Amino acid sequence: MDTQPPLYKRLLNRTTSTLAKWARQAHERRQLAQLDRRELSDVGISPSDRLTELSKPFWRD
């Protein structure tokens, strides 16, 4: 007996999960853009690391 959900449900779940991940990444990058040098230092992120992260499109990890 096949207990796996139908294909359309699996695709919908995967799409929803991916969209949520992209939204979270975009939000985190917007927050990162607002940090000053002291705050970056507090969390252990260099200014160049920040620029590298901010240059990524929202869909890239």
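Predicted model: local features only at pLDDT ≥ 70, side-chain atom pairs only at ≥ 80, totals over all residues.
Colleague: What radius of gyration does the protein have, beside that of a compact globule of 61 residues?

Modeller: A compact globule of 61 residues would come near 10 Å, whereas the protein has 17 Å. The C-alpha trace spans about 60 × 20 × 15 Å along its principal axes, and buried residues make up 8% of the 61 residues.

Colleague: Why should helix H1 span 39 Å?

Modeller: Helix H1 covers residues 7-33, and because each residue counts for 1.5 Å, its 27 residues should span 39 Å, which agrees with the 39 Å between its end C-alpha atoms.

Colleague: Which residues of H1 are buried, and what do they pack against?

Modeller: Gln25, Arg29 and Leu32 are buried in H1, and the buried residues of this helix pack against helix H2 (37-42) and helix H3 (47-54).

Colleague: What describes two packed helices?

Modeller: The general idea is that two packed helices are described by the angle between their axes and the distance between the axes. In this structure, the axes of H1 and H3 come within 10 Å and cross at roughly 145 degrees, and H1 passes H3 in a left-handed crossing.

Colleague: Which residues meet where H1 is in contact with H3?

Modeller: From H1, Arg29, Leu32 and Ala33 meet Arg50, Glu53 and Leu54 of H3; by class, this contact has three nonpolar, no polar and three charged residues.

Note on methods
Residues numbered from 1 in each chain as written. Heavy atoms only, no water. Helix = DSSP H or I, 4+ residues; strand = E, 2+ residues; numbered from the N terminus. Expected span 1.5 Å × (residues − 1). Buried < 20%, exposed > 50% of the residue type's maximum accessible area, 1.4 Å probe, protein only. Contact = heavy atoms within 4.5 Å. Axes fitted to C-alpha atoms, helices over the stretch in contact; angles between N-to-C directions. Left-handed = near helix turned anticlockwise from the far one by under 90°. Nonpolar A, V, L, I, M, F, W, Y, C, P; charged D, E, K, R; others polar. Rg over C-alpha atoms; globule rule 2.2 N^0.38 Å.
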